[in-house]
Structure formats: structure tokens, C-alpha cells
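Have a look at it first, then read on.

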Amino acid sequence: MRALSPAEHLGELEDAVDDLLGRYEVADPAVRPGLWRALSEAGFTLLSIPERAGGSGGDLADAAAVLRRCGYAGVRLPLVETLLAAWLCEQVGRAVPEGMSACGVAEAGTATRLAWAGTAADCVLLVHTDGAYSVSPAATVTTAETTLAGEPVGTATAGPGTPTSVRAEELRLRGAVLRAAMLLGAAQRALDLAVQYSGERVQFGKPIRSFQAVGHLLAGCAGQVVATSVALDAALASLSDPGCEPERQEVAALVAVVEATQMAGRLAAATHQVHGAIGFTAEHPLHLSTTALWSWRDDYGNEFEWASRLARIATAHGRDAWDLLAD
Amino acid sequence: MRALSPAEHLGELEDAVDDLLGRYEVADPAVRPGLWRALSEAGFTLLSIPERAGGSGGDLADAAAVLRRCGYAGVRLPLVETLLAAWLCEQVGRAVPEGMSACGVAEAGTATRLAWAGTAADCVLLVHTDGAYSVSPAATVTTAETTLAGEPVGTATAGPGTPTSVRAEELRLRGAVLRAAMLLGAAQRALDLAVQYSGERVQFGKPIRSFQAVGHLLAGCAGQVVATSVALDAALASLSDPGCEPERQEVAALVAVVEATQMAGRLAAATHQVHGAIGFTAEHPLHLSTTALWSWRDDYGNEFEWASRLARIATAHGRDAWDLLAD
Amino acid sequence: MSAPMSLRGHRLADTASLRAEVREFVATELAERRWSARCDAWLLGWDPGFSQRLAARGWVGMAIPQEYGGRAAGALARFVVTEELLAAGAPVAAHWIADRQSAPQLLRFGTEQQRRLFLPEIAAGRMYTALGLSEPDSGSDLASVRTAATRVPGGWRVTGRKVWTSGAAHAHLLTALVRTTPLEPGAPRQAGLTQFIIDFDSPGVQVHPIRLINGEAHFAEVVLDDVFVADDRVLGTVGDGWRQVTAELAYERSGPERVLTTAPLLLAFLRDAARTGIAEPAALGRCLARLSTLRRITASVAVELAAGRTPELAAALAKDLGTRFEGEVAEVVRQCRTDPGGDEVNRLLREAILQSPGFTLRGGTTEILRGVIAKGMGLR
Amino acid sequence: MSAPMSLRGHRLADTASLRAEVREFVATELAERRWSARCDAWLLGWDPGFSQRLAARGWVGMAIPQEYGGRAAGALARFVVTEELLAAGAPVAAHWIADRQSAPQLLRFGTEQQRRLFLPEIAAGRMYTALGLSEPDSGSDLASVRTAATRVPGGWRVTGRKVWTSGAAHAHLLTALVRTTPLEPGAPRQAGLTQFIIDFDSPGVQVHPIRLINGEAHFAEVVLDDVFVADDRVLGTVGDGWRQVTAELAYERSGPERVLTTAPLLLAFLRDAARTGIAEPAALGRCLARLSTLRRITASVAVELAAGRTPELAAALAKDLGTRFEGEVAEVVRQCRTDPGGDEVNRLLREAILQSPGFTLRGGTTEILRGVIAKGMGLR
């Protein structure tokens with residue numbers, strides 16, 4: 001049997017995910033528990049977590065491929081959060097939760113605006129107390145409201161747990177990189193919908209895609225999507241490479257997150273513009289993608305924070321920042 | 001004889017300036033001395049300076065009308081600097097220079113990158129020493145280089161002179177407002193050239209103005225120009241109103257300067273884009289406008305500084321900033 | 001290119017005491033917790049009680065002559081009241097279209113009977129109207145009207161569908177653009193259209209709410225199934241509907257509501273920022289400068305309109321700049337906040353983002369507006 | 001929409017030692033004050049001495065096989081050398097077009113005699129070429145060629161005018177696109193075009209420099225007045241010129257020179273900023289992220305091209321994003337500097353601003369590129 005190339009392998013994985021997702025009415029919140037079980041049983045929810053730690057093996061590129069296709073389909077499930085929780089547990093040798101999990105940073109014992117807190121079965125917190133970090137399951141969890149994307153957020157508290165060298169910034173950035181994969185999927189879907197609609201919608205006697213302004217707008221969108229895709233691939237490769245210096249990993253991750261979060265706002269605005277009024281209605285699928293783009297981009301810190309952090313690292317290196325910006 | 005309305009009066013003034021400028025090959029540096037003499041003899045160089053102080057009377061709107069038309073025509077002369085120098089001298093009761101003058105702030109005795117220093121006959125400095133300000137003619141002046149717009153800049157030094165309550169920020173902001181009038185003129189010219197060219201230039205069988213992208217680009221430019229025009233009128237009215245609180249005057253001036261400096265970069269880029277290669281050549285008149293737009297926007301501080309200052313004033317007022325932002 | 005340059009600033013200073021009165025009224029309403037500020041309140045904030053309290057202060061129907069129950073206040077006074085209410089995010093939606101569009105139309109085109117019947121009720125903040133312009137698939141091409149009327153004794157029978165009608169669920173009257181002369185091949189599509197005033201209670205009128213991405217339903221589809229409209233409910237002249245509606249678009253393209261939709265967010269942010277500081281001041285400063293400029297432009301346009309002029313090009317410029325500004329506010333707040341922000345900022349931010357796709361749609365898309373501008377500049 | 005997504009990152013890490021070598025060479029040159037960094041150095045930095053020193057290190061003609069005097073280095077090695085030289089603002093203009101465009105064309109379409117004659121000289125950094133594509137009024141419409149050739153014994157006689165030919169004042173050879181079959185009404189304009197290699201010393205060739213807004217003259221108009229071109233100077237196939245040139249555009253739309261034109265400014269600013277700080281970090285960070293991404297995209301495109309594929313859509317995307325990035329650098333530096341800036345930053349900033357109108361013009365305007373992208377996405 002011929003070994004698959006990495007690209008072929010990812011392609012097969014994506015097809016398998018699409019196949020599974022195609023069997024669910026993803027937009028309906030009622031399907032979430034069943035969809036989660038199916039994804040979990042297929043081994044799609046704990047990719048990049050080693051099998052010996054209770055995960056499904058594979059690498060970050062595999063995990064990101066699943067996230068991207070789920071983002072494309074409009075899935076609302078704690079996929080990123082569960083991966084983060086598992087990674088955090090694995091780092092400190094705790095048991096990896098099997099089901100849905102929330103995950104975040106607790107400052108002074110409390111994590112607020114925590115995605116899926118109170119809805120996911122588990123909640124793993126990186127607890128920051130007295131300048132030190134530890135990993136701990138949440139003691140109390142409450143759901144407060146829903147996000148723009150229609151996902152629950154809540155509050156969780158925890159005391160100190162297993163000490164760890166993982167810092168808040170590292171966890172947040174890792175979360176943002178995984179989230180970038182979902183953003184990329186959501187953006188690809190929004191763009192596909194806009195391209196399709198621009199061919200169907202006739203105005204002043206011709207399809208709107210033949211208007212230069214519409215064509216150029218969509219071309220600009222394609223550029224944004226490609227930029228995020230390239231930056232994300234590089235970040236995943238960098239984070240997966242144990243030989244890569246932590247600062248290079250951080251820069252590659254920041255680049256991907258800055259591209260993805262910028263893309264999110266632009267794609268949401270442009271695809272709504274192409275769709276006109278119809279895209280503004282709840283019945284049209286566009287909003288499944290655009291509300292995700294608007295909401296997820298702020299999940300672990302916003303694009304301006306990430307960009308500022310990147311600028312500060314680069315400035316500290318002066319001219320030699322050039323070296324950090326691609327390898 | 002019927003009294004003229006303010007708008008009619010400004011219209012006549014503008015026509016007179018255009019008439020004078022039309023007699024000179026403005027782009028040729030050799031005409032500058034003669035052009036200055038003609039403008040000066042017509043009383044156009046010291047408008048808004050009271051006649052008793054040696055000026056030509058009139059108000060800031062008159063002065064700005066002259067600056068705007070000179071900016072339109074591509075004039076390179078120290079019109080703004082001379083007005084600033086005259087205003088500064090008038091504030092402290094010094095004799096107003098009759099000819100071209102440079103003007104700026106000397107920190108620690110020296111003013112660098114000072115427009116027209118060494119070329120203008122006079123140079124009046126606002127000298128900042130030991131936390132206090134005074135007005136003093138420059139002792140030594142040297143011309144160092146030319147700006148993007150082809151205007152000389154140099155260095156000047158001065159010791160303490162006549163004490164004044166005018167501070168560096170006030171002088172710079174006043175300079176920037178007057179400069180905004182010239183920027184507006186340069187932008188109007190660049191836009192007129194682009195509109196004209198877009199009708200003459202045929203590509204793929206039709207005038208390029210009939211391409212949606214070109215039409216929309218020019219429409220966007222028109223919006224920028226109108227925004228600056230409206231903001232500048234308001235700033236001039238505010239600065240001319242002795243009953244207006246200084247903070248309101250500062251805000252109105254900042255708004256105009258932020259609009260003008262932002263407009264400058266956008267108009268330069270867009271009008272060059274419309275012109276294509278021809279606008280990139282020294283023989284085409286476009287660069288007279290665009291090099292002015294690029295250069296003048298930074299003359300008294302750049303758009304980001306002004307915008308930051310506006311934000312800080314507004315933030316200090318919280319919600320009530322709403323009140324400051326139009327009256 | 002000279003026309004849009006002719007705008008001159010109009011000073012608003014003389015209206016300071018009126019502004020203070022409105023502000024005090026708003027503060028009292030907020031203190032009594034009668035409503036919360038909303039972005040896009042002229043669309044989202046439907047509150048008949050508020051409309052009537054406002055009318056009791058004389059702040060509805062300010063453009064209506066006193067003989068029809070209005071205040072005949074000047075254009076600047078009306079502008080100031082509108083600005084203050086929008087900046088506060090006050091719930092002005094119920095009376096909005098009646099006050100802003102139907103009343104001027106009735107004054108220009110209505111019969112004396114129609115004026116006496118409707119205007120006093122509008123000025124009292126009790127009668128609300130909706131506009132029936134867009135149809136399925138018409139998009140920006142408003143002349144593609146397919147809703148048609150046939151002549152019957154004493155009036156007309158109207159059949160067709162109108163979409164994107166805001167306020168249809170609660171309004172009393174629908175002003176609908178209807179084809180009254182069948183379209184002949186080759187004839188201009190703008191001919192043969194007529195405006196009708198249709199009572200929402202008429203037999204044959206059905207309202208189907210359109211749920212938006214924010215989960216709310218401020219727009220509706222209005223189905224007209226053989227609805228009888230009496231001759232005395234024709235608005236203006238039969239066959240002259242296109243011209244009447246086009247005149248109306250000048251109103252729709254120019255007001256402070258094209259600039260201030262997200263002002264409640266910006267002002268709430270400034271209130272918090274006085275305490276928390278700001279991350280990227282230049283971005284905030286540019287946004288504030290543009291707000292100031294747009295306020296001046298919309299004030300100028302209001303004065304021009306009140307003087308009987310139609311600054312169509314300036315109005316289109318104002319709206320092109322204004323609606324983009326409205327969308328930028330949310331991004332600037334996201335960019336400038338240094339912490340997750342107070343609850344009200346977050347609530348308004350979410351509202352601003354969810355409403356943002358609508359900003360550039362209503363009253364002409366960016367494409368259409370820039371087309372108007374390009375045409376006005378002599379480019380087309 | 002799948003094609004542009006197929007780009008995968010190519011790791012450049014394996015080329016670290018080559019990168020270090022180039023950087024050391026550049027540092028030595030700068031220490032010896034042989035040149036100063038320039039923005040847009042591949043257009044502005046004409047320095048035959050530098051080209052020859054570079055060639056002596058084996059860094060010219062890296063894509064040329066060894067049998068023709070080249071190094072046959074891999075695409076990534078060449079990419080790395082190019083990146084480092086552009087980032088340093090090194091004066092690479094003299095050999096640029098010969099190395100980047102003429103050599104690949106000679107390898108693809110040239111005769112063995114042409115290859116043996118020209119390629120070793122190009123690889124030695126001694127032979128420079130220019131491209132004759134644009135004509136007066138042709139603008140983005142390259143197929144509107146009016147320069148025409150007539151058959152004569154042993155060759156052709158060419159008459160016409162080419163404009164916007166960079167390096168024409170000093171180059172040795174002009175590769176000109178010429179109409180060799182008169183245009184029949186209704187026939188496609190792309191047919192009947194041929195590429196000729198014309199010696200600038202040929203009788204009848206005149207070069208008129210075009211002075212630009214920066215006062216320099218890097219472009220010229222080339223007038224061809226009954227110039228004889230021998231048959232052995234036809235490049236490729238008679239009548240096949242359009243296809244050959246179009247293939248060339250893929251090279252012209254994709255390289256690091258579409259991204260790094262203003263990198264010397266950005267890097268000089270970062271050097272100063274390490275000391276002075278930055279005013280608006282988010283703006284700088286977005287700019288740096290985009291630089292990183294564009295470096296990866298251009299690397300991928302280089303590898304694809306070297307593998308014989310023509311990622312035309314990806315290349316157009318890279319250039320559309322890249323040229324806009326080049327223009328943004330100047331604005332970001334203006335925005336982020338906290339003081340007037342060091343002398344080198346100011347000099348480079350001025351250069352970047354004055355060159356900026358050219359960034360989106362050359363090798364296809366933004367309009368043309370977005371058209372290519374839209375077409376590639378199936379929109380046209």
C-alpha cells in the first residue's frame with residue numbers, strides 16, 4: 001500500500017470530516033450533542049493530542065484541518081476549547097477530558113467570558129495566582145449569555161492545581177491559532193457563498209459578478225483568505241517543530257493570528273455587501289459564517305493586541321526582525 | 001453700490017488671485033521672486049493681519065482663499081510661513097516683516113527642518129527656553145536641502161526675544177490649518193486633472209471614466225475633498241471668533257487638519273492611480289499637486305500626531321466630547 | 001466638480017438651549033429607566049409611549065405647519081433634536097418614517113383632506129407609517145416595480161408584494177409605489193407608477209416579518225392581495241409616483257441618521273475611556289474628526305433641503321461617507337479599548353456589528369451612491 | 001476558488017547558510033561605502049560594478065545551467081539571494097532584467113546560438129537587457145502593439161516606438177514585441193506578434209529618457225526607425241510573441257521584488273525604533289504580519305515556477321497584495337515614528353513615497369490584476 005503524501009492525507013481527512021458533517025443539520029442547535037458524539041467517536045476532537053495521553057494522535061495540521069472544515073460548515077461546538085484543555089492537561093500529566101471541555105485563564109481565581117463554560121461537561125483552567133501558573137479543573141461554572149455566534153459563555157472559578165510552565169499568553173495564543181483555522185473555514189464558506197450568489201443575482205440586466213466593483217471586491221477577499229491560509233500553515237508547522245525556538249514559534253503564531261483576525265472583519269463586511277439584503281436575513285446561511293467571523297476573532301484577545309505584540313517583539317530585534325518573519 | 005455677501009466677496013478675491021497667477025509659469029522656480037512681489041503688491045500675502053500692524057486686513061477666510069488658489073495653481077512660496085511670522089510679530093507688538101519670511105519653533109535655540117529658512121528674507125522664531133516662550137528674529141540661518149515639494153528647508157538659531165503667551169502647539173496648529181487651505185487647493189487640482197484625464201484616456205475602446213472602478217475611486221476622492229472643505233471652513237470661523245473658547249478652537253482646528261492631512265495621502269495615491277504612467281512623469285502637471293500633498297501634510301506635525309491629540313482631548317471629556325465636535 | 005464644493009458650514013451654536021432641553025429630557029428618561037440606548041435606534045427602537053412623550057414636548061412633527069398640528073420649527077431646530085436623540089440611542093423608530101418621510105410627502109403631494117386627516121395624528125406621535133418601495137429581486141433597481149393596480153369604481157385594486165418594509169408589523173399606513181399603467185415594451189420603466197396610501201387594516205393586506213441576523217424582525221414582507229384603495233388615498237398624481245419617490249430619496253440620503261447610527265457606542269466608549277485610557281489614539285482621533293465633519297455636512301444639507309433646494313450630490317456624498325463611518329465606529333472601538341470594556345459598551349458593540357451590513361444597504365448601496373456622485377461630477 | 005488555496009508554505013530554513021553569506025557580502029559592501037540602500041533598488045540602483053562583483057560570487061545567473069555559464073542553483077537559493085539583496089536595498093538594477101526575464105526566455109525560446117552568445121555574458125553580470133512591450137497609449141492593453149516589422153532579405157526591418165522601457169539608457173539588448181503580420185479587421189489582436197532581440201547599437205535606434213517625478217530617468221522611450229534585425233535575432237517563433245510574453249508576465253507578477261521594494265525603509269525604521277519606540281504598534285504589527293505572509297507566498301510561487309508550473313492566479317494574488325503592501329510601508333512608518341526620524345529613514349521614506357505611484361502600475365495595474373483574479377475565481 002502506497003503511503004499518502006501529507007497533502008493527500010489531509011485531503012482524505014477533510015473529506016471524512018465533510019462526509020460526517022453532511023449528515024447533520026449543523027445550523028440547528030439541537031444537533032450539537034449528537035454531532036459532538038459523532039465527531040468524538042470518529043477521533044476528530046482530540047487530534048494532535050498523543051494517544052498515550054488519551055488523544056487521537058496526529059499533528060496540529062490534522063487538528064487544524066478538522067477545525068477548518070467545521071468552521072466551513074458553521075459548526076458551533078467547543079472544538080478549540082477541548083483541544084486546549086487536553087493540551088494543557090497533557091502538559092502537566094493530568095488526565096485528558098474525554099468529552100466537551102471549556103478552557104481558559106483564571107485571574108484571581110476567576111475566568112470570565114469563558115466560551116462554553118457551563119455547557120461543556122468539563123472545564124480546565126490555567127490558574128494565575130501569586131505570579132505562578134497551575135492547571136486545575138473548575139470548581140464552579142455558570143453560563144451567563146451567548147456570543148454573537150450564538151455560543152454560550154460563562155464564568156468559572158478554580159483554586160491552584162498542578163504547577164505548570166505554561167503561561168497565560170502561550171495558552172491564549174495557541175487558542176487563537178486553533179481558532180484561526182476555524183476562522184479560515186468560515187471565511188472560505190462566506191466567500192464561496194458570495195461567489196455563488198454573485199453569479200445568480202441579476203441586477204440591471206446582468207449578474208452582479210460582471211460589475212467591476214463586485215469582481216474586485218471578491219478578488220480582494222480571495223487575497224485575504226490566501227494570506228491567512230499561508231500564514232496558518234507556517235504557524236502550525238512552526239508550533240509542531242520541537243527544534244523551533246520559542247520566539248520564532250510565537251512570531252509565526254502571531255502572524256497567523258493577525259492575518260486571520262484581520263481577514264475575519266474584512267470578509268464579513270465584503271460578503272455581506274455582495275449579498276445585499278438577502279444576506280442580512282436569518283434564513284440565509286451567510287450569517288452562520290459571518291457571525292462566527294465577528295465573534296471568534298475576539299475570542300482570545302483581539303487583532304490589535306496581537307498586532308501590537310508582534311510589533312513589540314520585532315522592534316526589540318530592530319533590523320534583525322527580518323530574520324524572524326519567515327523561515 | 002450693493003454690498004457683497006461673504007461668498008461673493010470670496011469669489012471675487014479668488015478670481016483676482018487666479019487672474020494674477022495665470023500670468024506666471026508657476027512651475028518654474030525662476031518666477032518665484034517676481035510672483036511673490038506681485039502677490040505682495042496686490043495685498044494677498046498679509047491678509048488676516050490688521051492694517052494697523054502692517055498687514056492687509058481681511059480675515060482668515062480671505063487668507064485661506066488666497067492659499068487655496070495658490071495651492072491649486074502649484075505655487076511654491078512661503079505664504080503660510082509669512083502669515084505665521086506676521087501673526088507672531090503682531091501678537092507681541094513687533095514689526096511685521098514685509099517680505100518673505102520663514103517661521104517656526106526653536107527648541108534649545110535651534111529650529112531644524114525649517115521651511116524656507118535661508119531663502120526667505122526674514123525668519124521669525126518662537127523660541128522655547130527654560131519653559132518660557134519668546135519671539136525673536138533668527139540670528140543665523142542656513143539652507144540645507146529641499147523637500148519632496150521642491151521647497152527649501154534649513155536651520156535657524158535665535159536667542160530669547162519678546163516674551164509671549166503663544167505656545168509651540170498653538171503656532172504649529174495654526175500653521176497646519178493655513179497649510180490645510182493649500183492642501184485643499186492642491187487636492188482640488190489633482191482631482192480636476194484626474195477627472196479630465198479619465199475622460200480623455202481611452203482604454204479597451206472606451207474612456208476609463210466609464211470603468212466602474214475609476215468612477216468610484218474619483219467619487220471617493222470628491223468625498224474626501226468635501227470633508228476637508230467643510231472642516232476647514234468651520235475651523236477658520238472658529239479661529240476668527242474671539243468669543244469661541246480656546247479648547248473649541250483647538251478641536252475645530254484639529255478636525256480640519258486631520259481631515260486635510262488624511263485627504264492629502266489618499267488624493268495623491270488615487271489621482272496617480274487614475275493617471276497611470278503619464279502622471280508619473282515630470283512633464284505632466286499632476287506631480288506639482290501630488291508632491292505638495294505628500295510634503296505639506298507633514299509640515300507642522302503629521303496626521304497621526306494631530307489625530308492622537310484630538311483623541312486625547314475628547315477622551316478627557318468623555319461623553320461630553322460630543323459637544324465639542326460641532327457647534 | 002464645483003457643486004459639492006459649495007457646501008458652507010452652518011453654525012449650530014444658536015440652538016444650544018434647545019440642545020440642552022433635549023438632553024435634559026433624555027437624561028430624565030434614562031434616569032427613570034424607560035429605555036436603554038441602542039445603536040440603529042431609528043430602526044430598532046419602536047416605542048409608541050416614547051414617541052408620544054416626545055410629541056408632547058413638541059419634538060415630533062417639527063416640520064409640519066401649525067395649522068396641521070405641527071410646530072413649524074426651523075430645519076436646524078429639527079436637526080438638533082434629531083441629532084441629540086440619535087446620539088442618545090433613544091427609541092425613535094415608531095414615529096420615524098411618518099415624521100421624516102410621510103409628513104413631507106403629504107405636505108408636498110397630499111390633498112387637503114389627507115393633510116387634515118393624517119398630519120395632526122403624526123405630529124401627536126400616534127400615527128406611524130411604512131414605505132412600500134422594494135420588491136422581491138428588485139434590489140437597488142427600484143423602478144422594477146411589479147405590484148400593480150387596476151381601475152375599479154371609486155378606486156383601485158392592488159396586488160403584489162413589497163419587501164424590506166420597516167415597521168410594517170406595527171405601523172398604521174403603508175405608502176406603496178404601484179404600477180398603474182401596464183409596462184409597454186420599450187417604454188421607460190419609470191412611467192406609469194403611482195403612490196397609494198394603504199391602511200394596514202384593509203382586507204387583503206398580510207404582513208410577514210423578516211427575521212434578521214440579530215434575531216429581531218424590524219422588516220417585513222407585505223403581501224397585497226386584491227386590496228381596495230379608494231381614490232382619495234392616491235398620494236399625489238396618478239402616474240407621477242416615480243418622480244415623487246425620487247424626491248423622497250433626497251431626504252433618505254442625507255440626514256443625521258446616516259451618520260449617527262453607531263454614535264451611542266462611540267459615546268459610551270468615550271465615557272469609559274475617560275477612565276481606562278485608549279490603545280491607539282490616532283485611529284480614534286480620525287474617527288472623531290470624521291464625526292465632526294459629517295455632523296457639519298448633514299447640518300448643511302438639512303438647511304439646503306429646508307430652503308427648497310435639493311443638494312442631491314452633497315446628500316449622496318454625505319451618505320457615502322456617513323454610512324462607512326457608521327461601520328468604522330465598531331472597529332475603532334475594538335481597536336482602542338484597553339480592556340474588555342463595560343457592559344454597555346459590549347452590548348452596543350455587538351448591536352453595531354450585527355446591524356453593520358444594513359448601513360450601506362439602505363437608501364442606496366455604496367455602489368449606487370458612488371454612481372450618483374460620479375454622475376454629478378460629470379463622469380457618466 | 002480552490003486554486004489559490006493550494007499554496008503550501010515552503011520552508012526556507014535550509015537556506016540559512018546561503019542567507020548568512022549574502023548578508024556578510026552586503027555588510028562588507030556597505031562598510032566599504034560602495035553604495036547606499038535604496039527603495040525600489042531593482043529599478044533605481046544601476047551599478048555594473050556591483051553586478052559584476054555579485055556575479056563573481058555566483059549570485060547572478062543562478063537559474064542558468066552550468067553549460068551556459070550559470071550556477072543552476074535551485075529556485076529557493078535564488079529566491080533567498082534576491083530577498084536579501086532587495087531587503088538591503090542593494091543596486092541590482094543593471095543585471096536585473098537580463099537575469100530575471102531575458103535569461104529564462106532565452107532558455108525557453110532561444111536558439112542554441114543565442115544561448116551560447118548571451119547567457120554566459122548575462123551570468124557574468126556584464127550584459128544587460130531591456131524589454132520593449134508598452135507603446136504610447138497602450139497602457140494596460142499590451143496587445144495594442146503598433147510597432148511593425150516588414151520582411152527583408154536575411155531579416156526584418158522594424159519601425160515604431162516603445163515606452164516605459166526601464167534601463168534603456170545603459171542596456172545592451174532590447175527584447176521587443178513587434179507586429180510581423182498586419183492586423184486584419186476582425187482578427188484577434190494577439191496574433192501576428194513576434195519577439196525580436198535588438199542591439200541598442202543598431203542604426204536607427206534612439207533612446208529618449210523619460211524624467212520621472214523624482215527627477216531621475218530610469219525609463220525611456222525607444223524609437224525604432226527602420227531598424228534591421230537579422231533572422232538569427234528572432235526570439236522564439238515568428239507569430240508566437242504574444243504567448244511568449246504572456247508566459248513572461250507570470251515571472252513579472254510574482255517575485256519578491258513585488259513585495260520588498262520598500263523593505264529597506266521598513267528595516268531602517270525598525271533599527272531606529274529599537275531605540276526610539278513606536279507610536280501605534282498595531283499598525284506596525286499588521287504590516288509586519290503581512291510582510292511575513294508575502295515572503296512565504298512569493299517563496300511558494302518561486303518554487304512552483306521552478307517546478308514548471310505556472311501559478312498565474314496565485315502570482316496575481318501575490319502581486320495584488322504585495323504592491324499594496326509596498327505602498328503601505330511608507331504610511332506605517334509615518335504613522336509609527338515618534339520623532340522626525342533618522343536621516344536614512346527620512347531619505348528612504350522620501351524615496352518610497354515618490355516611487356509609490358509606480359508600485360501598482362508595473363506588471364499590471366491593480367485593476368488588471370483583480371481582473372485576472374476574478375477570472376481565475378470563475379467570476380468572468
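## A leucine in chain D

Let's start with one residue in this predicted model. Setting aside neighbours within four places in sequence, Leu349(D) touches Leu265(D), Ala330(D), Arg334(D) and Arg337(D). You'll find Leu349(D) in helix α11 of chain D, which covers residues 343–359.

Is Leu349(D) buried or exposed? Its relative accessibility is 5%, and buried means under 20%, so Leu349(D) counts as buried. As for Val329(D), that residue sits 20 residues away from Leu349(D) along the chain, and the two C-alpha atoms are 9.0 Å apart.

## How chain A is divided

Now hop over to chain A. Its domain assignment lists domain 1 (1–77), domain 2 (97–165) and domain 3 (168–324). Between the C-alpha centres of domain 1 of chain A and domain 3 of chain A there are 21 Å. Their contact draws on 13 residues from domain 1 of chain A and 18 residues from domain 3 of chain A.

Which three residues of domain 1 of chain A supply more of its buried area here than any other three? They are Leu60(A), Tyr72(A) and Arg76(A), with 44% of the area that domain 1 buries against domain 3. On the domain 1 side, the touching residues split into nine nonpolar, two polar and two charged.

What about polar links? Five residue pairs are in polar contact between domain 1 of chain A and domain 3 of chain A, while the count of salt bridges across this interface is zero.

Terms used
Residues numbered from 1 in each chain as written. Chains lettered and ligands numbered in written order. Predicted model: local features only at pLDDT ≥ 70, side-chain atom pairs only at ≥ 80, totals over all residues. Heavy atoms only, no water. Helix = DSSP H or I, 4+ residues; strand = E, 2+ residues; numbered from the N terminus. Buried < 20%, exposed > 50% of the residue type's maximum accessible area, 1.4 Å probe, protein only. Contact = heavy atoms within 4.5 Å. Domains from an automatic or database assignment. Buried area = accessible area lost by both parts, 1.4 Å probe. Salt bridge = Lys/Arg side-chain N within 4 Å of Asp/Glu carboxyl O. Polar contact = N/O pair within 3.5 Å; in protein donor to acceptor, adjacent residues only side chain to side chain. Nonpolar A, V, L, I, M, F, W, Y, C, P; charged D, E, K, R; others polar.
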